[in-house]
Amino acid sequence: MTAPALDDSPSAAAAGSPREGRRQRAATPHRSVTVKWSRFSYVFVSGYVLFALAFGVLPTLYAVFIAFLDNEGRFSGITNFTKVLADFRFWPAAAHVGLFLLVWLVALMVLVTLLALVVHGIGRRWLSSSLRFVYYIPGALAGASSVVLWLFVLNPTVSPVSAVLHAFGFETFVQTVSPGNLPVVFAVIAFWTGAGNWIIVMYGALNSIPDEVLEAARMDGAGAVRTALHIQLPMLRKWIAYMAVMSLAAGAQLFVEPRVLSQATHAVVPTDWSLNQLTYLYAFKQQDLNGSAAIAVLLLVASLAVSLFFVVRGGLFERD
Amino acid sequence: MSATDLRTRPRREQTPGAWLGRATVVVITVFFVLFFAVPIVWLLIATGKSPHALITTGPFALGSLGDLSANWEALVRFQDGIVFQWLGNSLLYSVGALVITLITTIPAGYALALGNFRGRKVLLTTTLVVMLIPNTALVLPIFLEMSAINLIGNPLAAILPFSFFPFGVYLTYIYFSTSVPRDLLNAARIDGCGELAVFARIAMPLALPVIALVGFFSFVANWNNFFLPFLTVPGRAAPIQVGLTELLGSVPAFNPTSAGVTAIELPTLAVATLLSVTPVLLVFLFSQRFLVAGLTAGGTKE
Amino acid sequence: MTKPTTRAVRTRLSGVSVAAVAALLALTACTPGVSPTDGEAADSPFGFATAEQKADAPITVWVDASRQPAADAFAEAYPDIPIEVETYDGGADGSGSFQTKIQAFNQAGSGWPDVVFSTQNNDAAWASQGDDPFAAPLDQGYFDQSFLDGFTEGALAPLTVDGAVYGLRNDIAPTVTWYDESLMEKFGYEVPTTWEEYRELGLKVAEEHPGYIVGGIGDAFAEEIYFWGAKAPLSTVVDANTFSADASDPHATQMAEILDDLLDAGALAQEDVFSPDFVQKHSGKVLMLPGPAWFSGAIFNNPSSLDAKPGTIAVGAPLAWEGEEPAAGNVGGGTWFISQHSENLEAAKTFLEFVTSDERYQVDLAPGLPAYQDAADKWLARQAEDGFFAGDFAAALSSASTQVWDGWGYPRFSQEAVWNKTVTPKLAAGENLVDLLPEWETAIENEAQVNGYTIK
């Protein structure tokens, strides 16, 4: 069997699997090569596995482990979990994070895809790349820096968009960050810093769609919208799912933003607004590591359940 | 010729629908340009204003160079220039971790994508799972690990945990699985190349875009990390993000107890914020090219 | 051929990881946070179990940015005592960073600083408790009683837990009645001395001179000015583990009514006094502003804030209820702690004595009213010399500092955070304080419970 021709079927770049069949056929006569390759793979992953154990697996196991102990180190069953679920701050915090995630994920999935398509569809290269640059810049301000910036932007007295704030009826900073607005406020901040990243990722994914496919669609008379809906979006499915999963993971961990905002507003934004802030309070204010771990485990289970949905629907583990 | 060229070919009819479509695109684009750019522009302008001017003049009214240097002076004077110490720390931790990350994640993603070994799926699932865990749950156990080996306050206590970058592995995995054909590698093997040679001579050159990509994301993530360094490298060893919140604690508007003495005013905080993001911005500017190319499945095209 | 090998590898790998997990867990289990101590508590001259002392071990001092001058002054005055200064946010706004870090060190079993400054004066409530408390008791043989007696009466109250003193007060911050004498004269008003008169004045001002304010309710510490000063029992620390709050007490309800009336009339500022909004809206229009002593340098004598003209602002005694004694609230006043784990308790003691009582810091550099009586007298004299404030500034502040109501305790959680979370947004949205009282009480009780208090 000669070296197989390069595969250029439309689906090769994204979600297809015709290569798998070809791979299996090629592998059989060269078993010794694949055997050696398999063994060598361990060497390649060894460094990462070491770090994954030390800073990923072991801490996770430890957290799960102590969630079932009491503070003397004795097994305590699910008492930590019942205590945490009965805490008057738990369900409000869960609701806050849930709302935030809803607003943010929807905005992310819809707007990022839209913007990526728009940017991709622009003919002039310089325009396209400067737009991408502009969209990305806020991403450089992630974390504490962006929250500090937004402290100013959300304050109608000094904000560059005070007209917008006034239009919403916010005359003072306290009004802008009143409890009802917080999920949207944090979603806006998160979108502002995070969207650029993903727009670039989507743009790159769009670039990987072969021209022949798009040409064929154009010749069939498909306009921009039809092309987007029937050709580009399905190709992006995997990436959109990946974006959703990653954003879900990051969003559920919301900590720095409410913490800094809490500091700056003297706790008008409460110190227990998000679930992660609650785990922090349990661990360090109430000196209850076990309760803290219990919340973390609950958060993990919930995140896993929802992300499994995206993983399955988005076909993340299919290999090309 | 790229797909984008299709859009610039003149259309024979400009239907109202097409015109509306174009107008919508323009409106969307302009709106989002403003949305993303206005706060940054404001930040740049705010650094050059005096505290009084910040409140009284319009957001886009320019400040003065004199005020800018006054703000800069105030920042540099704060605790004898600790802001530079913080910046240096951030640089050390981010770059140190970056190097280790690249060494460990690129080969790992390669093996996950193109290898076939037992535990591949397990490793992938583990990676995804660990990415989903709230990081406050992990920070304390990691802190205990670091203190058990007496590393608290040592730069390694930040660099080592930062080096664990599952997102990088995932990115590399996706890249290698979509843009490097197995057949290419098999061909090299048949020709007698050892595994290391296959990796170094065939896969690596193809992987330059993803290396730049992973490097970039790793650097940015490390630079912006807050809670872990807050615990493991406190005080003078802190990175700029932690330092920024400490600066926040010295702004009277945010902390009444600091009023009157060594206070930091709002525009100085703006300068500090700008300073804290400049390195990342610079890095981004330089890696613009790779950021786009990195995700193009360039291995099989053109 | 591959299967046995890979299976063997996998078993080995999993075996390794199990062993690693076990090892790490054993390690962490072995660091329960109990520090090695040499002295027996009963026999130690300090009155608590101490770590091994080293005569010239450097002391690590944590300060916030505003207290950096204190550390610098000490280094200048005592060049032979090696100190390492680290700055942090001082625990501002209930950030809890002091407690976080100490908790982390307790877990690790090492790394504690020797001296810590905290802006929150309720830190003794947790720092003195637990199996391995952080704060060293100072009056069990460590400091001279004569030195401790030199503090203004009541200054050490927040730091006294179960009868022992666990830290030293940096400055005291009783609430007083700040007013603009020039405006009072101009409008022909008399300075109120009771809460009832205050209310009358506020309503009059709102009618005759709308736009002028007699107080502010937009700060996190508003409850410490008004409710503490009104002797409302909303923070009763019965003992180290019991707490009670009663918002239906007449002192609380009457104060809430007064504040509601003034708010409705528009005589109270709703912005936080440090925000740009406050300065923008109320500059030149502050007729009265009940608040802590440190408003002196932070608000009035500050070009970035109200920037009052010299000679216009004066201080009156804290307001009282008709027929009752005046009572002051308290807003802040930082505290200095020494760690029980310190290896150089002598140096730490010298440091604390310097920063709380020495002229070179407390009189020359400190922005607030010192808690040490001697230093306070000299500080007040200097302020009087500068002549910025009208009236008998020194006398008013001195008497206020002894009038802080002792019925308001210092629990382990931040009352300011509870107020700001529960009340401030709702007030901003236009709700009535009287209606919010039950909700506020519940919020305080909830917070107390999760912090380990039993509600009485």
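**A helix pair and an interface**

Guide: In this predicted model, α4(A) passes α11(A) in a right-handed crossing (the near helix is turned clockwise from the far one by less than a right angle; helices are DSSP runs of H or I, at least four residues, numbered from the N terminus). Residues are numbered from 1 along each chain as written, chains are lettered from A in the order written, and side-chain values use heavy atoms, without hydrogens and water. Local features need pLDDT of at least 70 and side-chain atom pairs 80 or more, while totals for chains, interfaces and linings use all residues.

Helix α4 of chain A covers residues 90-121 and helix α11 of chain A residues 224-252; they pack at about 145°, axes 10 Å apart (lines fitted to C-alpha atoms over the stretch in contact, with angles from 0 to 180 degrees between N-to-C directions).

Now the chains: 111 residues of chain A touch 118 of chain B. Together they bury about 10,500 Å², 74% of it on carbon and sulfur atoms (accessible area, 1.4 Å probe, lost on being put together, summed over both). On the chain A side, helix α2 (residues 31-67) gives the most, 23 residues. By class, that side has 74 nonpolar, 26 polar and 11 charged residues.

Notes:
Contact means heavy atoms within 4.5 Å. Buried area is the accessible area (1.4 Å probe) that two parts lose on being put together, summed over both. Helices (H or I, at least four residues) and strands (E, at least two) are DSSP runs, numbered from the N terminus. Ala, Val, Leu, Ile, Met, Phe, Trp, Tyr, Cys and Pro count as nonpolar, Asp, Glu, Lys and Arg as charged, and the others, Gly among them, as polar.
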